[in-house]
Amino acid sequence: MPIKILLARQIFDATGVPTIEVDMVTELGLFRIGVPSTDSKKLAEAVQLRDNKPREFHGMGVSSAVKNINTIIAPELIKQNLEVTMQKEIDQFMIALDGTENSSRLGANAIMCVSLVVAKAGAAKKGVPLYRHISDMAGVTTIILPVPHFTILTGGILASNGLPFQEYTIMPTGASTFVEAMRIGTEIYRYVKNVIAKKYGVECTYVSDSGGFAIPLKSHRDALMFLTDTIKQCGYTGKAEIGINAAATDMFKDGGYDVEFKNPNSNPQDYMSSDKLAEVYLDNAKEFPVCSVEDAFEFDDWSAWSTLAARTQIQLVGNDLTQTNLRRVGLAVEKKAGNSVALRLNQASTLSEIIEAYKLLKSNGFGIVLNDRWGDTEDLFLADLAVGLSAGQIKCGGPARCERIGKYNQLIRIEEELGALSKYAGKNYRG
């Protein structure tokens, strides 16, 4: 079933920033997908091609990447007459067609969008759900529903409050099904919203791009006390735990960590060493139901990552650390830097690279979190990917706005479809 038509267009992500959508037509009909977007670029990410025309979409347009699909990728790929089930061969062909190390010529956003729509068409060709097609490609034999990370509170560079860390999440690790996890997460989220409205005013219930509430708490400890009490008040002690996204790179200055970095008059004498910051995380895990810390240290502070991983059993997730870059993922494995890694679709160039990173991590005992990007679209691919890889965890932000809720709803549908075969990762989310 070769590709008959491949057509790209510029659409908009959930934050109003341009991104790419692709239509693919085969003998089985039309397949469509929009690729996640972002307005930021990490050092080792594959390059999303932007137009850089300041008077159009503040330079964020993607018409050049769309043109690359329609005038280069589409005709050359159709000419190859490859079956849509040949995911790896198609992905390798596009990487070779680009010819750069980071997909900067054609654009990783262009290549990834085509790669994802190929997977959708490939699943249809095989007559199986998308998650089954992905599990076949990844060699996954047991399908597992992931534990969601629900963003509840927002701090760091995303808020003007006193919270130094970027996100505080709830993980329903004690649920027995994904549906129960959704109940726990949404009940906690609604409880928090009601408390905020009464205590701080309705304007503080407006959410960030990640779906979290940026309430005027003054310290990291305040946030942990607030969430611990929330879990208790909602009756979910032992069923819900706390995850922290420290985003520590934002705090890194002159070899130390400035937890007061939002204060222009912060004192360099108060900057924390890696060892001192590690003690904060260890103390948090002892005192509060904290089970996971994402981006605990700056992305090149490798020794700090390795040292803390050897001292604790809590989850240490590398996100900025690895940036879905195979070389950095390999370094994390080699150095035992952390014990889990976040994978993001739009940080790589193809689905095959995501699967390759997954295999490397799983074979070395690392946990995996499938992360969205705040510039996501309404497409549900990430939900099927999390199940297909049996990643054990998915992070789509707070249960608010359809680009996030849609993925959670897709996971509910998949769990229902699996029926008696359904398994929820629960406490074994890293295993």
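Select domain 1 (5–127) and domain 2 (147–428): each of them gives at least three residues to the lining of the largest cavity. The domain bounds come from an automatic or database domain assignment. A cavity here is a set of points, on a 1 Å grid over the protein atoms alone, where a 1.4 Å probe fits but cannot get out, and lining residues have an atom within 4 Å of a point.

The model is predicted, with pLDDT of at least 70 required for local features and 80 or more for side-chain atom pairs, while totals for chains, interfaces and linings use all residues. Residue numbers run from 1 along each chain as its sequence is written, and side-chain values use heavy atoms, with hydrogens and water left out.

**The largest cavity**

Next, select Pro36, Leu345, Asp376, Leu382 and Lys407, which lie nearest the centre of the largest cavity among its 16 lining residues. Strand β3 (29–34) and helix α11 (381–388) are the elements that give two or more residues to this lining. Helices (H or I, at least four residues) and strands (E, at least two) are DSSP runs, numbered from the N terminus. The volume is about 90 Å³, taken as the space filled by probe spheres set on the points, with grid points joined across faces, edges and corners. Colour the lining by class to find six nonpolar, four polar and six charged residues. In this scheme Ala, Val, Leu, Ile, Met, Phe, Trp, Tyr, Cys and Pro count as nonpolar, Asp, Glu, Lys and Arg as charged, and the others, Gly among them, as polar.

**The second largest cavity**

How many cavities of 30 Å³ or more does a search of the whole structure find? There are two. About 70 Å³ of space lies inside. The lining divides into three nonpolar, five polar and two charged residues.

**The largest pocket**

Now turn to the pockets, each an open set of points with protein on both sides within 12 Å along at least five of seven lines. For the largest, select Ile95, Leu326, Thr350, Glu353 and Glu356, which lie nearest its centre among 32 lining residues. Helices α2 (87–98), α9 (326–335) and α10 (351–363) each give two or more residues to the lining. Which element gives the largest share? That is α2, with six residues. The volume of this pocket is about 700 Å³, and its lining has ten nonpolar, twelve polar and ten charged residues. Domain 1 and domain 2 each give at least three of the lining residues.

**The second largest pocket**

Select Gln166, Asn245, Arg344, Arg373 and Trp374, which lie nearest the centre of the second largest pocket among 25 lining residues. About 370 Å³ of space lies in this pocket. Its lining divides into five nonpolar, nine polar and eleven charged residues. At least three lining residues come from each of domain 1 and domain 2.

**The nonpolar core**

Finally, select Leu6 and Ile20, which touch the most other members of the largest nonpolar core, a set of 135 residues. Such a core joins buried Ala, Val, Leu, Ile, Met, Phe, Trp, Tyr and Cys residues through side-chain atoms within 4.5 Å, where buried means under 20% relative accessible area (1.4 Å probe, protein chains only). The core lies between domain 1 and domain 2 because both give residues to it.

Notes
Buried < 20%, exposed > 50% of the residue type's maximum accessible area, 1.4 Å probe, protein only.
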